[in-house]
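Please study the sequence and the structure before reading each solution.

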Amino acid sequence: KEDDSSSSSSSGGGSKAITLGFSQVGSESGWRSANTDSVKASAKEAGYTLKFSDAQQKQENQISAIRSFIAQKVDVIAFSPVVVTGWDAVLKEAKAKKIPVVLTDRSVETSDESLYVTLVGSDFTDEGRRAAKMLEKVLEKAGHKGAVKIAQLEGTTGAAPAIERAKGFKEVMDADHKDDWKIVVSQTGDFTRAGGKQVMAAFLQSHPDIDVLFAHNDDMGIGAIQAIEAAGKKPGKDILIVTVDGVKDGFVAMSEGKINAIVECNPLLGPQLMEVVKKVKDGETVERWIKTKESDFMQDQAKEALPTRKY
Ligand code: AHR
């Protein structure tokens, strides 16, 4: 789905000449909607012509969108890659036409680092570590002693946040909790609510004794809460829950006592992205990875934080 006219504007002063092609992953989560809104609003604010395309979570759609941006001779291409591998060919085509590529949100694996200029986004491995650290606090608060049986709802298979959040979490688990924590079941819920609900229902069938759920995003966590309640258990009490993102619905669930802790992942990348796009277009050097600042929240902070949440 390409949305050509979405943010054409001439009101933003100074940057009228910039045409930005943006290929979005999809609209799988609350995080993603907030990210899309941020990109569109910031492009408008900056006065860029934005060619926006939604890939509906399919790599082939992103590849065709990027090819179409190349054919349209946009000034800069930005995209959030649905998975990490398989981009070299299309990125080489962009490079051959001298169109710079900026990654946003998610990274790629490539043997040729010159195929993209920079990544504007979060440190997902650190988010995984932070989730494990939050779980330590949650367990302590709940007075949970001894073995901890963990279920993990992974994000989209092959996507950077799924790979790296799992890695960061495991790192802390292996270093500090080798004897007591165990991931007893782990499967993808594709970052969606429906996926989270369906997979959690299956987890509860095969492992009725799960103590903890680590969900790679709020949406899957919220879907899982529905499955836990349907199974007659209390989310946040019978099963302790840690999620990532910090979208409003996540905070609502946390203020209701159903999520125990949230690791924030900031989707409001638009303003930083527009700045970087301008610099790249002007041939300025930019940092290789422009990281986002984020916080962590325990359940007792939810009610106070909820009204201040921007997404
Ligand atoms: O890439 C960021 C992740 O993608 C978010 O954590 C998740 O909600 C989204 O779908």
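**Exercise 1.** What covers the buried residues of H9?

*Solution.* The model is a predicted one. The cover of the buried residues of H9 includes helix H1 (30-46) and strand S2 (19-24). Strands S4 (76-79), S5 (101-104), S6 (118-121) and S12 (289-291) are also among the covering elements.

**Exercise 2.** Determine which residues of H9 are buried and where they lie around the helix axis.

*Solution.* The buried residues in H9 are Gly270, Leu273, Met274, Val276, Val277 and Val280. Viewed down the axis of H9, these buried residues fall within an arc of 165°, and therefore they line one face of the helix.

**Exercise 3.** Check the span of H9 against its number of residues, and state what follows the helix.

*Solution.* Helix H9 has 12 residues (270-281). At 1.5 Å a residue, H9 should span 16 Å, and its end C-alpha atoms are 16 Å apart, so the two values agree. Gly283 follows H9 and has a positive phi, near 75°.

**Exercise 4.** Describe the surroundings of strand S9.

*Solution.* Begin with the faces of S9 (residues 212-215): Val212 and Phe214 are buried on one side, and Leu213 and Ala215 are buried on the other. Next, consider the pairing. Strand S7 (residues 148-154) runs parallel to S9 and is joined to S9 by four bridges; Ala151 has Leu213 as its bridge partner in S9. Three bridges pair S9 with strand S10 (residues 240-245), again in the parallel sense, and Leu213 has Ile241 as its bridge partner in S10.

Notes. Residues numbered from 1 in each chain as written. Predicted model: local features only at pLDDT ≥ 70, side-chain atom pairs only at ≥ 80, totals over all residues. Helix = DSSP H or I, 4+ residues; strand = E, 2+ residues; numbered from the N terminus. Expected span 1.5 Å × (residues − 1). Buried ≥ 20, exposed ≤ 12 C-beta atoms within 10 Å, placed from the backbone. Arc of directions from axis to C-beta. Contact = placed C-beta atoms within 7 Å. Pairing = 2+ DSSP bridges.
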